[in-house]
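This report describes the fold of one protein chain, from its overall composition to selected residues. Please consult the sequence and the structure shown here alongside the text.

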Amino acid sequence: MNPNEHTHISQSAQLAPSINRGSMVAKPWSSFRQGFSLLMQGIKQKTIKATYPWQQMAIERRRVLMLLVTLTTATVAYLWIDNQSNWDFLPLRLLQLTLFLLLTAWVAAGFFTAIMGFLVELFADGFALSARQVAHQSLSVNTKTAVIMPICNESVDTVFAGLRATCESLAQCPEAKQFDVFILSDSFDPAILAEELSAWSALRDQLQGQVNLYYRVRQRRTRRKAGNVADFCRRWGKNYQYMVVFDADSVMSGDALVTLAKLMDQNPRSGIIQTVPQPCGVDTLHARVQQFAARVSGRLFTKGMLYWQLGESHYWGHNAIIRIEPFMKHCALADLPGTGGLSGHIMSHDFVEAAMMRRAGFDVWLVTDIEGSYEQQPANLPEELQRDRRWCQGNIKNIRLIAEPGFAMVHRFMLLTGVLAYASSPLWLLLILISTLVYALDYFFGSGLTDNLLLSHYTELWYVTLVLLFSPRIMSLLVIFYKRESIQYGGVFALLKSTLFESLYSAMVAPLRMMAHTYYVVSALTGLGLEWKSPLREAKSLQWRDTFKYFIPYMWPMALLALITLVVAPGNLPWLLPVFIPVILATPFAVITSSSYVGLWLRVRNVFITPEESTAPAVMQQAWYYSGRYIKLNRLLRWLRQPKARSGATAYHLR
């Protein structure tokens, strides 16, 4: 089949319902100067008064959060000044202090968010939206929901395996006929298009009409995923009350989909309800560590965010349900005016759409107790960093909207934290450089007292920093022990061992992320080119040469900095080795951690076990079976567990 034939067929009624066109028009953004001027003049920016109990509670909680962060930062400032006996080179020392306090405030915000999540885990939160509230409710018979999966040149087998598992799970629900599923393709490779059409036709036949399944190829592939979703809304949005947005790696159970629709029915002021997708389904060491971290400590941060956001929460762009009418009316995205890397179309559209939905008077909720929502983690470190590069540029562009009139203050803060998530890396690097420079200047030209921030007599500061960084892991373990969930992580000893290894792994990855994110921030601000492509959905071990080429831009600056430190500030070198070594050894580290064999070798030894590995959810078992992963995985696990079986076969032949 040639592309022209496929294009013709993809528009026929056989593939998609008749178009019922609606309007979704983007309004131009206000200029930053105009928005900032309105804020400074004191004109009311909150278009929604605190008329509901959760709104007033959210305001009070945010005040407590800001107070705690301020007190922590002030305490650190006092300790720093109290230990500073040498004030030579005052401008550099003040810059050093400023950077350290900014980063302390950033870390402290995460720490207190985790504490809030810890409290929610122990005592629940009566103000939050919960799946329990609709557990015994029925879905309105008039409700129609579209499940939409935008894709672009993806692995067809993997995508359709997950989609088949989702559809079959949905078909088992009495409400299945109230859902339609759309595959919205932006693919442009003719071979992939042919595979998609064949896979869609086969899946439609397998479903035997239990779930309506449609397929559309977009002719004008503008604005990437956001444009794909908007195109669906304009064509068929008027046919549905809600839409559940998927990524290409999303899998959801039928019960989860029905619960989302029920929550929308029972909460007519809700515009977006976001689930917490659990990462699972990739067996490389890197992915399994990230899955474990998300399951253990990530749960505290997620519930902590909900604690102070409540009905003004995040939207992550997938595994979420959206009320279509206000989305079409209020969430169309105009381009950012101007030229350069910070102009053009909105890339990180989800944060902005959440802010626009809230500005329109609708709540945005994060619901943390919906089971059956899943996604995949990047299989290796370069894939994760490549994803971070897209997110970094998108988040930095969004800072231009921070003064947009009508946005809730908490969503302005989210736009800022989206930038700080990446901008903190160059700040850490700058702090290291400034501290090394201060040390060198003091040693060669000053009093000779090497009282640098990095040295050991700042004991109190190190204690405070370690508490802020590692306490969330300890609190996460306490929650798991309190709820008697350790068996789902392989047992108490396995959980403790895995947490220790995850901490060490995170310490290795942090300097690499610091260097990569610094490069990404500079690229975004200078408008350097960005390659935007779909991430790999399947594990693939890295090659040594390619990996070395990928990391060399980060390795040589760090090696040069280590050499300079050795020459001009040798006293700082022992304190900076945990930063230098991981970057210099990035290639072997990334290659080894990209291996499924290493990841599964640790799995059979109960390291990084997650609940989804202990007892795989039914919908994920089906997805893995259809993709062929289930058989390969069991075969390799048996081989790893049985020494005798390894004598006649290799891991390579079993894959």
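A residue is called buried when its relative accessible area is under 20%, exposed when that area is over 50%, and partly exposed in between, using a 1.4 Å probe and protein chains only. By this criterion Cys167 is buried, at a relative accessible area of 0%, and Cys280 is likewise buried, at 3%. A search of the whole structure finds zero disulfides, a disulfide being a pair of cysteine sulfur atoms within 2.5 Å.

The model is predicted; local features require pLDDT of at least 70 and side-chain atom pairs count only at pLDDT 80 or more, whereas totals for chains, interfaces and linings use all residues. Residues are numbered from 1 along each chain as its sequence is written, and side-chain values use heavy atoms, with hydrogens and water left out.

**Overall composition**

The protein chain contains 24 helices and ten strands. Helices (H or I, at least four residues) and strands (E, at least two) are DSSP runs, numbered from the N terminus. Of its 655 residues, 55% count as buried. Contact means heavy atoms within 4.5 Å; among contacts between residues at least 6 apart in sequence, 83% join residues at least 24 apart.

Two strands are taken to pair if DSSP finds at least two bridges between them. Seven strands make up an open sheet with mixed pairing, in the order 3-2-1-4-8-6-9. Strand 3 and strand 9 are its edge strands, each pairing on one side only. From one strand to the next, the twist averages 20°. Angles here run from 0 to 180 degrees between N-to-C directions, and axes are lines fitted to C-alpha atoms, for helices over the stretch in contact.

Within this sheet, strand 1 (residues 145-151) and strand 4 (residues 242-245) run parallel and are joined by four bridges; Ile148 has Val245 in strand 4 as its bridge partner. Strand 6 (residues 270-274) is mostly covered, with five of its five residues buried. Strand 6 pairs with strand 9 (residues 363-366) in the parallel sense over four bridges, and Gln274 has Leu366 in strand 9 as its bridge partner. Strand 6 is also joined to strand 8 (residues 320-323) by three bridges, and these two strands run antiparallel. There, Ile273 has Ile321 in strand 8 as its bridge partner.

Helix 5 (residues 156-171) lies across strand 1, strand 2 (179-185) and strand 3, and runs at about 170° to strand 2.

Strand 5 pairs with strand 10 (residues 373-375) in the antiparallel sense over two bridges. Met252 has Ser373 in strand 10 as its bridge partner.

| Strands | Sense | Bridges |
|---|---|---|
| Strand 1 and strand 4 | parallel | four bridges |
| Strand 6 and strand 9 | parallel | four bridges |
| Strand 6 and strand 8 | antiparallel | three bridges |
| Strand 5 and strand 10 | antiparallel | two bridges |

**A helix pair**

Two packed helices are described by the angle between their axes and the distance between the axes. Helix 17 (residues 544-568) and helix 19 (residues 586-593) pack at an angle of about 135°, with their axes 8 Å apart. Helix 17 is therefore oblique to helix 19; angles under 35 degrees count as roughly parallel, over 145 as roughly antiparallel, 65 to 115 as roughly perpendicular and the rest as oblique. The crossing of these two helices is right-handed, the term for a near helix turned clockwise from the far one by less than a right angle, with anticlockwise being left-handed. The residues that meet include Trp544, Phe548 and Met555 in helix 17, and Ala586, Pro588 and Val591 in helix 19.

**Individual residues**

Gln309 lies in helix 10 (residues 298-309) and is buried, at 0% relative accessibility. Apart from neighbours within four places in sequence, Gln309 is in contact with Trp54, Ala58, Arg62, His314, Val410 and Met414.

Most residues other than glycine have a negative phi. Gln208, in contrast, has a positive phi near 50°. Gln208 is placed in the loop between helix 6 (190-207) and strand 3 (212-217) and is exposed, with a relative accessible area of 68%. Arg223 has a positive phi near 60°. Arg223 lies in the loop between strand 3 and helix 7 (224-236) and counts as partly exposed, at 35% relative accessibility.
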